[in-house]
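Colleague: I would like a close look at one part of this model. Please take the sheets one at a time and keep it brisk.

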Amino acid sequence: MTLERLHMLIDGDWTEAASGSVFTSLNPANGQAWAELPDAGEADVDRAVRAAQTAFDRPEWRNLPAGARGKMLRRLGDLVEQNRERLAVLETRDNGKLIRETRGQLGYLPEFFHYAAGLADKVEGSTLPIDKTDMFAFTRPEPLGVVAAIIPWNSPLYLTAIKLAPALAAGNAIVIKPSEHASASILELARLAGEAGFPAGIVNVVTGLGPTAGAALTRHPLVRRIAFTGGPETARHVVRASAENFAQLSLELGGKSANIVFDDAELESAVNGVVAGIFAASGQSCVAGARLLVEDGIYDRFVAALTERMARIRIGDPIDPESDMGPMATEAQLGVVERMVAEAKAEGATVLAGAQRPAGHDAGWYYEPTLLSCPSADLSVVRNEVFGPVAAILRFKGEAQAVAMANDSAYALAAGIWTRDIARGHRMARDVRAGIVWVNTYRAVSAMAPIGGFGLSGYGREGGIESVLDYTALKTVWINLSEQPMGDPFVMR
């Protein structure tokens with residue numbers, strides 16, 4: 001089989017690594033290599049960052065009206081829509097995400113660019129009502145400079161868009177480092193950015209490994225902001241690297257989100273919400289509702305309905321639109337899932353469904369949708385992120401216990417609440433510690449809605465109007481209106 005040869009984008013040129021090194025991308029559906037990509041080293045990263053800085057400093061970019069940047073972003077959103085099928089197929093082939101899901105995401109993804117386009121010329125400063133009659137003062141938000149975006153393998157296009165769109169709207173340049181397991185769709189998005197009119201060097205993509213390309217990018221002295229999505233262990237390296245140059249930082253680190261089902265929940269909706277929350281994307285979602293808390297009175301009925309629904313999940317080739325669940329994105333992640341399920345069983349968890357590789361799928365990295373009944377919240381599978389199709393289910397009695405169990409986690413990214421009592425829904429949304437709370441729904445997204453968490457789930461927010469402001473620095477300007485010469489130079493004014 002002939003491998004596709006892909007190139008990284010630096011300063012408008014599609015290029016190889018300086019060393020000539022390459023790595024292969026594997027198709028999770030069959031484990032076979034399908035593409036070769038440049039394995040960037042420190043010299044390549046330095047070239048990309050310096051190209052971004054040069055492009056940022058050029059008057060044609062720095063002096064470009066904000067509305068013109070907005071038009072480029074709108075054009076990029078339109079191009080994403082026009083190339084929706086190609087982008088969807090690339091991402092599915094690269095990371096094993098269902099084509100149904102990639103098509104669905106690509107159907108909405110243009111909205112992130114259109115939303116940021118509308119905000120580009122709404123980034124405004126303020127006149128300050130200062131207490132000095134001979135002075136005039138105002139603020140102006142200004143772009144930071146070079147932004148580094150570190151993207152994981154589970155939803156590359158979506159997780160790039162929520163960084164790229166606000167960064168460009170604010171007037172920055174960007175260097176994107178995709179996961180070595182899923183770079184192809186981001187390279188295609190970068191090509192579309194050039195077609196949309198963004199000058200060479202404003203959008204760059206370096207492909208390579210985290211310990212080499214990723215580390216070089218996050219510690220580069222010209223990088224002024226780092227937007228990272230990934231795991232806590234890698235994030236600790238990123239935080240240390242950012243400290244060297246005091247780069248601003250946002251971290252989205254995943255979670256162990258609670259999906260809470262009360263006795264009065266509408267059963268079918270709650271079951272579908274739980275399935276969407278943990279088995280969509282084969283559980284490889286930052287917001288996966290992997291801690292399933294079910295009230296005592298509905299527990300047995302709910303487990304019966306859920307396991308029946310799980311039995312109807314069709315595992316298959318992600319490119320097949322009839323498949324409901326595809327493979328793990330990497331063989332290593334499949335190993336993590338198997339190890340954590342085995343550990344849970346050894347600690348006393350009972351398998352209610354799944355917990356093995358499905359028959360007939362030996363060629364790819366598949367794992368059955370799995371439900372584990374856990375006697376205690378102390379089990380490792382309850383406390384730690386699996387990042388696979390594994391739900392840990394526990395009983396609770398009453399609202400107070402539900403809140404206590406939901407908040408008993410080092411993570412705090414998302415939560416789901418299932419109840420017909422709207423007052424209870426509001427109380428739970430208030431009391432559950434999470435950056436995103438869904439009531440009677442799960443995994444709903446909008447370009448207007450911020451995303452982010454607390455604790456081990458990271459800090460900072462992506463999405464919404466604040467996201468553009470997060471890619472700016474506020475400058476204060478003072479103008480002396482007095483006609484008199486400046487007075488004593490040793491006295492503050």
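Colleague: Which strand order does the open sheet of 7 strands have, and what kind of pairing?

Modeller: The order is S14-S15-S16-S13-S12-S18-S19, and the pairing is mixed. Strands S14 (350-353) and S19 (436-439) take the edges, each with a single partner strand, so one side of each has no neighbour in the sheet. On average, neighbouring strands here are turned by 25 degrees against each other, with direction ignored.

Some ground rules. This is a predicted model, in which local features need pLDDT of at least 70 and side-chain atom pairs count only at pLDDT 80 or more, while totals for chains, interfaces and linings use all residues. Residues are numbered from 1 along each chain as its sequence is written, and side-chain values use heavy atoms, with hydrogens and water left out. Helices (H or I, at least four residues) and strands (E, at least two) are DSSP runs, numbered from the N terminus. Two strands pair if DSSP finds at least two bridges between them.

Val351 stands opposite Leu372 in S15. Helix H11 (residues 267-278) packs on this sheet. H11 touches strands S12 (258-261), S13 (291-295), S16 (390-396) and S18 (414-418). Contact means heavy atoms within 4.5 Å. The direction of H11 makes about 170 degrees with that of S12. Axes are lines fitted to C-alpha atoms, for helices over the stretch in contact, and angles run from 0 to 180 degrees between N-to-C directions.

The 3-stranded sheet comes next. This sheet is open too, with mixed pairing and the order S1-S5-S4. Strands S1 (4-5) and S4 (22-27) are at its edges, each with a single partner strand, so one side of each lacks a neighbour in the sheet. S1 runs parallel to strand S5 (residues 32-38), joined by 2 bridges. Glu4 stands opposite Ala35 in S5. Helix H4 (residues 84-95) lies across S1, S4 and S5, at about 95 degrees to S4.

Now strand S8 (residues 173-177). All 5 of its 5 residues are buried. Buried means under 20% relative accessible area, exposed over 50%, and partly exposed in between (1.4 Å probe, protein chains only). Ala173, Val175 and Lys177 point one way from S8, while Ile174 and Ile176 point the other way.

S8 pairs with strand S7 (residues 146-150) in the parallel sense over 5 bridges. Ile150 stands opposite Lys177. From S7 the chain crosses through helix H7 (residues 156-169) to S8, a right-handed β-α-β crossover. Right-handed means that, with the strands pointing away from the viewer, the path from the first strand over the helix to the second runs clockwise. S8 also pairs with strand S9 (residues 203-205), again parallel, over 3 bridges. There, Asn204 is the bridge partner of Val175.

H7 has a helical partner in H3. The axes of helix H3 (residues 66-82) and H7 come within 9 Å and cross at roughly 155 degrees. That makes the two helices roughly antiparallel. The cut-offs: angles under 35 degrees count as roughly parallel, over 145 as roughly antiparallel, 65 to 115 as roughly perpendicular, and the rest as oblique. Arg69, Leu73 and Leu76 of H3 meet Leu164, Ala165, Leu168 and Ala169 of H7.

Ile176 has a relative accessible area of 1%, so it is buried. Not counting residues up to four places away in sequence, Ile176 touches Ala149, Ile151, Thr160, Leu164, Ile186, Val203, Asn204, Val205 and Val206. Its C-alpha atom is separated by 9.4 Å from that of Leu187, 11 residues apart along the chain.

Last, the record. UniProt lists residues 14-477 for "domain: Aldehyde dehydrogenase", in an unreviewed entry. UniProt positions are given in the numbering used here, feature names are shortened, and annotations may be inferred rather than shown by experiment. The span is 41% helix and 20% strand, and its end C-alpha atoms lie 41 Å apart. For "active site", the unreviewed UniProt entry lists Glu252. Glu252 lies in strand S11 (residues 248-252). At 6% relative accessibility, Glu252 counts as buried. Leaving aside neighbours within four places in sequence, Glu252 is in contact with Phe228, Thr229, Gly230, Cys286, Leu413, Ser457 and Glu462.
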